[in-house]
Amino acid sequence: MITSNNPPLRNDATPVALAAANSRRRSLLLRLLRSRFGGGAIFYLVFLTVSLLTRIALLSQAASQVDHQPLKIVLTLFIGMLFDLATASYASLPIVLGSLLLPRRWFAARWFRVVAGAGFFVLLYLLLFGAVAEWFFWEEFASRFNFIAVDYLIYTTEVIGNIRESYPMPLIFGLLAGAALLAYYLLRWTGLLQQWLTVDETWDTRRKPVLFWLALPVMLHLSLSNHDVPELGNAFNQELARNGLYSFFAAYRQNSLDYDRFYPTLPTTEAFRLTKATLGATANQPAHSFDIGRRIINAGPEKHWNVIQITVESLSAKFLGRFGATNGLTPHLDKIYDESLVFTNLYATGTRTVRGMEALTLCVPPTPGQSIVRRPNNENLFSVGSVFRSRGYDTAFIYSGYGYFDNMNAYFAANGYRVVDRTSVAKSDITYATVWGACDEDLFRWTMREADAAFAAGKPFHHFVMTTSNHRPFGFPAARVSLPTGHREGAVQYTDYAIGKFFAAARQKPWFTNTLFVIVGDHCASAAGKTALPIPGYHIPALIWNPTLVPAQPVGTLCSQIDLLPTIFGLMGWSYESRFYGQDILRMKPEEQRAYISTYQRLGYLRPGKLAVLEPVRRQRMFTYQTPDAPSEAPLNADFMAEAIGEYQTASYLFSHGLNCATNEKK
């Protein structure tokens, strides 16, 4: 005989009694799903599911970079779940508040059920769209949404055009719609939506639960910070632990960071003392005590060579054969390398074009948050252009895209440069273009014309030329190189071809023998790595070429983008009053070698064999290394950290107090 410990049901049990018995056995989750706030609970489940699947997909994409120790993976997923919960709690608030305030009779209305169902379909579509967007963003930047994503939403024309040219959007939209329909069908199949829309609760039964719903995001927000996600020994694990939507809004809120508030500091006088000693600014001090001004003296007669600086989009050193590449993408640059003064150990200051522009025009370390190119009060600064103009040079910024992007035109115009961009040339002057810009051949043709005009006017010239072909969607004219468009390798090969063609044409010009050609990357194609600031992710080529003016020579001094133009002034024998942090690489002593690398939040100070990293909430870290690709964290060295703090603190102070303008008058 089969027995049971449960009391037998009475034959006269009514349906109401049976329902009450079943209700008591339901879990808290099911009761919540079938309450007036069931819509919010359903959204939570859907959001957490999509977020988990997104994290797993990104984990598969970064499989070769993440730390696969079981504990690290578990912690990555657990911390990620906490951020997913926090994000879901914010995103669900409209549903929760609607569930609290909407009249009871609406839930019984057919039209409301149709609207609610359509609303959930749209939510499913948006969540899946966000997951796909994160996949492509990670493919490009190896990161969850950050400052770059915020910036890109500001410049919708370029970004939408870039996406349309880079990806098969009709197919992607169609697949997303199909996936959203399938997810919606599964959601309907569970019956949860229908049960939520048939509840009948009084005002009193809604008041207490809503307090929990409203308190949840506050509690989670107070316990979590996008700044403080544990690294887990690997920057990829750290990024995977974040939530893309949460990171996006955190980046939006933290678009600028006050150095003194968020970073380790020294007394201001001490910070300037250390920095002045490093720069040699101990004599001939300006009237203001907080300044780094000093006299740069070069012996011999001055040379007034023309300088055409070609700043190449995303030109990592690893692309060049002379830096070890074996795929033969850069035959022209490799040939130029052999004929150039080459800085083989030079590093970009950041990961964005505007950060490279800042370094190459202002010769200052990066400061946290946005580049100075995009900040207010960035006019009339002491710059490379102001030094050139003091010698009567024509200075121009020549860009193949739309220079309003990232405030580039406004910045260069406010600092004395003529601006030549896509909007200032005739349509017939553009033979091929993507949404990001005209092809490099077109750009170099414009550059040649500007150089001809300056030469005809009898003026020496400095032209800052910025390419775009090595930017997604990686488009360029057909039948130029062996690789197809649409991929990074083909774009690198095309840019190399265009530079070789430009130099061949320049050799025929009367101004060639008096012109230095500078080739430098604005940043690397990718700065992702397993450490907080992966050093190889900032290594860029820098070449100064004209065989008749500068002998070929490789220079292995550790240096930075900010040192390149002061070195050119040294080559030309110029003496001038300098407020640059950049120095003449050829005059650096071994103990003076250093470089600056950064993200929007992390500030790195690099010396041979060691790296200082400054982070928000006044955190300091130190790494040592035998090779740049394998640093290990080490105990802090007080003197080294103070040196790093002094450099960054004073750079931030000078800009925020208006003390680095060309006239040294406070703005």
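This is a short exchange on how some features of a predicted model get their labels.

Reader: What makes strand 15 and strand 19 edge strands?
Author: Look at the order first. Five strands form an open sheet, 15-16-17-18-19, with antiparallel pairing. Strand 15 (595-598) and strand 19 (632-634) each pair on one side only. From one strand to the next, the twist averages 30°.

Reader: How do you know that strand 16 and strand 17 pair?
Author: Count the bridges. Pairing takes at least two. Five bridges join strand 16 (residues 603-607) to strand 17 (residues 610-615), so the two strands count as a pair. They run antiparallel. Across from L603 stands L614 in strand 17.

Reader: What lies across these strands?
Author: Helix 24 (residues 638-656) does. It lies across strand 15, strand 16, strand 17 and strand 18 (619-624). Its direction is at about 55° to strand 17.

Reader: Why is the pair of F290 and Y653 called edge-to-face?
Author: Two values decide. The ring centres are 5.3 Å apart, and the planes stand at 90°. Rings pair if their centres lie within 6.5 Å, and planes over 60 degrees apart count as edge-to-face. Both conditions hold, so this is an edge-to-face pair. The whole structure has 48 aromatic pairs.

Reader: What does the pair of F290 and Y653 tie together?
Author: F290 lies in the loop between helix 16 (268-279) and strand 1 (294-296). Y653 lies in helix 24. The pair therefore ties together parts that are 363 residues apart in sequence.

Reader: Are F290 and Y653 buried or exposed, and how do you know?
Author: Buried means under 20% relative accessible area. F290 has 17%, so F290 counts as buried. Y653 has 16%, so Y653 is buried too.

Reader: Which residues do ring pairs link into a cluster?
Author: The cluster holds F444, F461, F502, F503, W511, F512, F517 and W545. F503 also takes part in the contact of helix 22 with helix 17.

Note on methods
Residues numbered from 1 in each chain as written. Predicted model: local features only at pLDDT ≥ 70, side-chain atom pairs only at ≥ 80, totals over all residues. Heavy atoms only, no water. Contact = heavy atoms within 4.5 Å. Helix = DSSP H or I, 4+ residues; strand = E, 2+ residues; numbered from the N terminus. Axes fitted to C-alpha atoms, helices over the stretch in contact; angles between N-to-C directions. Phe/Tyr/Trp six-rings, centres within 6.5 Å; stacked < 30°, edge-to-face > 60°. Buried < 20%, exposed > 50% of the residue type's maximum accessible area, 1.4 Å probe, protein only.
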